[in-house]
Amino acid sequence: MVYKIKDIVSYLEKIAPPSYQESYDNAQLITGNPHDTLKGVLCSLDATEEVVEEAISLGCNLIVAHHPIVFKGLKSLTGRNYVEKTVIKAIKNDIAIYAIHTNLDHVSHGVNKKICEVIGLTNTRILQPKKDLLSKLVTFVPHEASEKVLKALFDAGAGKIGEYSGCSFLSDGTGTFTPSSQANPHKGIPESAHREPETRIEVLLPSYLEKKVLHALRESHPYEEVAYYFQKLENENQEIGAGMVAELEESMDEMAFLKMLKEKMNLGTIKHTSLLGKKIRKVAVCGGAGIFLLPDAKKSGADIFITSDIKYHEFFDAENQIIICDIGHYESEIYTKELLRDVLSQKFTNIALYLTKVITNPITYL
């Protein structure tokens with residue numbers, strides 16, 4: 001089967017919808033024509049000139065990177081810095097660059113889940129769930145059409161709550177309407193009042209799916225005019241948010257845990273606050289810069305919080321309540337490229353998928 005670049009983009013945006021990214025982010029197709037035929041995919045943490053050169057040598061025309069090469073608007077493309085040089089090289093060689101950043105951080109099967117898997121943690125849950133991402137659809141359907149409409153709504157992505165699908169609330173009632181002389185009613189007679197036994201259907205859905213779900217509703221509903229409404233919910237979405245908290249299968253001594261962490265994450269060094277003389281069982285993690293989640297880590301009852309980019313004075317905020325552990329930004333997210341390859345390989349079994357061999361970490365240790 002011949003795939004287009006847009007096929008990869010579309011699939012990844014189902015895995016980690018762009019609407020889940022932070023407002024400052026730039027997770028999207030940054031360079032390239034989405035309609036170009038796909039030749040191969042190179043998965044990387046960063047998109048740099050070296051990574052673009054590697055893609056060219058491998059015959060790949062798509063780089064899927066975690067970090068966007070373009071964060072701020074470019075006012076010129078003269079090659080005066082590494083960002084412009086990378087973009088120019090990609091465009092000249094018809095290399096598409098797709099970034100999947102904080103949206104991949106925020107899904108329950110994303111960056112932080114991968115960190116937990118590498119460390120060997122189980123019973124994962126989102127550390128700071130996001131609000132205002134859910135909607136409720138309410139609609140009214142004649143009894144005999146309710147199952148058909150429900151199936152259409154479920155197929156469009158509605159009715160999923162955590163590990164449960166097909167979730168809805170149904171109640172019976174009576175709908176009333178009077179068709180005009182110009183109407184073509186499914187039930188009733190024009191210009192005559194009509195009462196119809198109906199089922200009230202209520203389903204939850206991610207807000208970004210509203211248009212898709214509404215289309216499914218209209219296509220499956222027998223009425224000429226469909227009665228419905230969407231309601232935005234303030235509920236926390238337990239499947240979407242920042243950071244993750246999980247558990248070890250068995251408690252460990254603090255130093256033994258740090259040594260295990262260093263080995264499994266392939267770390268050259270670890271910066272951490274004082275040990276507390278307690279066992280480690282519950283662990284909070286956040287790939288990249290996550291110190292903003294420290295209050296949530298404490299509230300979760302975590303014994304240690306693993307993240308990166310922690311400033312000197314922020315270490316004091318541990319206040320002997322938790323161990324704060326800085327393992328480095330690159331180091332905390334390096335396994336994301338494997339996550340991307342694994343995600344793509346589940347869907348695209350006959351395309352060339354590569355992991356970059358370029359070490360893009362700008363930091364070295366003596």
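**Figure 1. Cys116 is buried in this predicted model, with a relative accessibility of 1%.** The count of disulfides comes to 0. Cys116 takes part in no disulfide, and the nearest cysteine sulfur, that of Cys286, is 11 Å away. A disulfide would need the two sulfur atoms within 2.5 Å.

**Figure 2. The chain as a whole.** The chain contains 11 helices and 15 strands. Its C-alpha trace spans about 85 × 55 × 40 Å along the principal axes. Of its 366 residues, 48% count as buried.

**Figure 3. A salt bridge joins the side chains of Glu202 and Lys136.** The N to O distance of this pair is 3.3 Å. Glu202 belongs to strand 8 (residues 194-206) and Lys136 to strand 6 (residues 134-142), so the contact ties together parts that are 66 residues apart in sequence. Glu202 counts as buried because its relative accessibility is 16%, and the cut-off for buried is under 20%. Glu202 also meets the side chain of Arg200 in a salt bridge, here with an N to O distance of 2.9 Å. Arg200 is partly exposed, with a relative accessible area of 26%.

**Figure 4. Glu196 and Lys187 form a salt bridge through their side chains.** The N to O distance is 2.8 Å. Glu196 is buried at 8% relative accessibility, whereas Lys187 is partly exposed at 22%.

**Figure 5. Lys114, Arg341 and Asp342 belong to one salt-bridge network.** These residues are joined by salt bridges that share partners.

**Figure 6. Four lysines form a positive surface patch.** The residues of the patch are Lys14, Lys160, Lys212 and Lys347. Lys160 sits in the loop between helix 6 (146-155) and strand 7 (169-177). Lys160 counts as exposed because its relative accessibility is 56%, and the cut-off for exposed is over 50%.

**Figure 7. Leu74, Leu77 and Ile91 make a nonpolar surface patch.** The area of this patch is about 260 Å². Leu74 is placed in the loop between strand 3 (62-65) and helix 3 (82-92). With a relative accessible area of 38%, Leu74 is partly exposed.

**Figure 8. Glu254 is a buried residue of helix 8.** Helix 8 covers residues 254-264. The relative accessible area of Glu254 is 9%, so this residue counts as buried. Glu254 and Ile310 are 56 residues apart along the chain, and their C-alpha atoms are separated by 20 Å.

Notes:
Residues numbered from 1 in each chain as written. Predicted model: local features only at pLDDT ≥ 70, side-chain atom pairs only at ≥ 80, totals over all residues. Heavy atoms only, no water. Patch = residues over 30% accessible without salt bridge, like charges linked within 9 Å, V, L, I, M, F, W, Y side chains within 5 Å. Areas by Shrake-Rupley, 256 points an atom, 1.4 Å probe, with all protein chains shown as cover. Lys, Arg positive; Asp, Glu negative; His and termini not counted. Charge placed at Lys NZ, Arg CZ, Asp CG, Glu CD. Helix = DSSP H or I, 4+ residues; strand = E, 2+ residues; numbered from the N terminus. Buried < 20%, exposed > 50% of the residue type's maximum accessible area, 1.4 Å probe, protein only.
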